[in-house]
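Subject: Handover of a protein structure

Dear colleague,

Please find below the sequence and the structure that I am handing over to you. My notes on what was found follow directly after them.

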Amino acid sequence: MAPGAAIAASIPAGAAFAGGSLPLSVLLALVACLFCAWSVGLLAREMPSAGSLATYAARGLHPAVGFLVAWGYVLVGFLIPPRGAAQLGFTTAGTLNSEFHSYPANLWWPWALAGAVIVLAAGFYGVRTSTRLGTILGLFEIGVFVVLAVFLIVHAGSRNTFSVFGTGYTPKGFRGISGVIGGSVYTILAFGGFEGAAPLAEEARNPRRTIQRAVLLATLCIGALYVFTTYAVDVAFGPKGFSAFAAETGNASWEGLARSLYGLFWFFVFLAIVNSTIANANAGVNVSSRTAYAMGRIGAFPRLLAQVHPRHRSPVTAILVGFVITVAVTLGLGLGYGPTEAFFMIGTGLVIILAAIYILMNAACIGFFTRQGHLRVVSHIVIPVLGIAAFIPAWLTSAGIKVFSFVAPLSAPVSYMGPAVGVWMILGVIYLIYLYRTTPDRVTQVGLVHLDDPA
């Protein structure tokens, strides 16, 4: 998770749909993710594996579902770094342009590539280096935004109001609950990664205990931070005009607000955003490389992805593949549509996959504990069912499936991501059929927990 980048870009992207009611979107996303985090935590305690979500789905539902979860989850991990790189590019270029007008605002791509190289190096030197980097950067960015949020609440004074947690400030075209749900697409994107500790189970101490705690605490603590900071910037900027608040640099942004109200403090906000984009991309590399490694180990993906560096013990081939994909997607979408649109497009694609996977994790929790024969009604049925119900509206909205009246369609080119993700998953189904016809044991092994194997 990258709280700074999410606060500054992912969550404000939902303002176009939810307007001044955006804090309610954040709150809905927090509740939905807490339900899912509970299910993931229970499954992680039973099945500590680098395969993580794929293993949970395979054991709780069916090996074929587990394979498709891995197929989608690897794509998630591979798309997170390009999203961070695009944000790093347009944030840095926009800030330099506002300070030094001779710097071209469209020269964003060198900064994006620099971020990709930093993340590649962190991943190469192993999980200790990469997670330590993420922790240090995360603490700094959280501190900056908490301090600024306190300042903004004080600045708002008598304009502080809890009415922003209702639907009264949604903009025209997205009135009422449909706007709040549309905004939740991007607030769920901000939470995406709360389960990111799960793929590190085979590299963690006492994973049956620590992974569950990490998943739950990450969701709860960062969720509280998101609600607090979104409320603060909403009341300070003004909820009636908050639909104009943007994810870029400029007056209607976190950086612009800090600049106009507190002078030099904008520089710390800028550093926090830069730090956060790198930390987010770094986390994506950790997730994608470990999932690809787990699938390569059993032969479901090319076995070359299971190659581990002899000294640093990092899945070096998977990390290199991720780096190539990062550069290709960042430059392809960024140069084709612009870095900001690329950020929104990638983010929408991530929500489509993540919301579907989170729905399946709740279902896997029910299935796994039903098969184990020690089912608890609240923990293993009620909470997962609520989690499924909470994610369905955001998934339908991001995928562009207008089944209910509250589903508001997204505009182009963001709407292209629904068909694009659909094509990726169809390719996964075709590959799954091929594996079943040739080497079906590779599919069934998705459910293995290698941590429990004898040495």
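Predicted model: local features only at pLDDT ≥ 70, side-chain atom pairs only at ≥ 80, totals over all residues.

Helices here are DSSP runs of H or I with at least four residues, strands are runs of E with at least two, and both are numbered from the N terminus. Under that convention, Met295 belongs to helix H11, which covers residues 265-297.

Residues are numbered from 1 along each chain as its sequence is written, and side-chain values use heavy atoms, with hydrogens and water left out.

Overall form

The protein has 16 helices and zero strands. Its C-alpha trace spans about 60 × 45 × 40 Å along the principal axes. The radius of gyration, taken over C-alpha atoms, is compared with a globule rule of 2.2 Å times the number of residues to the power 0.38. For 455 residues a compact globule would have a value near 23 Å, and the 21 Å of the protein agrees with this.

Burial is described by relative accessible area: buried means under 20%, exposed means over 50%, and partly exposed lies in between, with a 1.4 Å probe and protein chains only. By this rule, 56% of the 455 residues are buried. The accessible surface, from the Shrake-Rupley method with a 1.4 Å probe and with only the protein chains shown counting as cover for residues, is about 17,500 Å², and carbon and sulfur atoms account for 69% of that surface.

A contact means heavy atoms within 4.5 Å. Among contacts between residues at least 6 apart in sequence, 79% join residues at least 24 apart.

Charges and salt bridges

For the charge count, Lys and Arg are positive and Asp and Glu are negative, with His and the chain ends not counted. Each charge is placed at NZ of Lys, CZ of Arg, CG of Asp or CD of Glu. The protein has 24 positive and 13 negative side chains, and the centres of the two sets are 5 Å apart.

A salt bridge is a side-chain nitrogen of Lys or Arg within 4 Å of a carboxyl oxygen of Asp or Glu. The structure contains two of them. In one, the side chains of Glu99 and Arg259 meet at 2.3 Å, N to O. Glu99 lies in helix H5 (residues 63-99) and Arg259 in helix H10 (residues 254-262), so this pair ties together parts that are 160 residues apart in sequence. Glu99 is partly exposed at 35% relative accessible area, and Arg259 is likewise partly exposed, at 28%.

Arg259 also forms a salt bridge with Glu255, at 3.4 Å, N to O. These two residues are four apart in helix H10, and about one helical turn separates them. Glu255 is buried, with a relative accessible area of 3%. Through shared partners, the salt bridges join Glu99, Glu255 and Arg259 into one network.

Just after H10, Gly263 takes a positive phi of about 60°.

Individual positions

Met295 is buried, at 2% relative accessibility. Leaving aside residues up to four places away in sequence, Met295 touches Phe67, Ala70, Ala300, Phe301 and Val446. Met295 and Phe67 are 228 residues apart along the chain, yet their C-alpha atoms are separated by 8.5 Å.

Val74, in helix H5, is also buried, at 6% relative accessibility. With the same exclusion of residues up to four places away, Val74 touches Ser288, Thr291, Ala292 and Phe301. The C-alpha atoms of Val74 and Gly115 are separated by 20 Å, and the two residues are 41 apart along the chain.

Ser21 sits in the loop between helix H2 (15-18) and helix H3 (22-46). Ser21 is buried, at 0% relative accessibility. Not counting residues up to four places away in sequence, its contacts are Val164, Gly166, Thr167, Gly168, Tyr169, Thr170, Val180 and Asp234.

Finally, helix H1 (residues 3-13) is mostly covered, with 11 of its 11 residues buried. Among them are Pro3, Ile7, Ile11 and Pro12.

Yours sincerely
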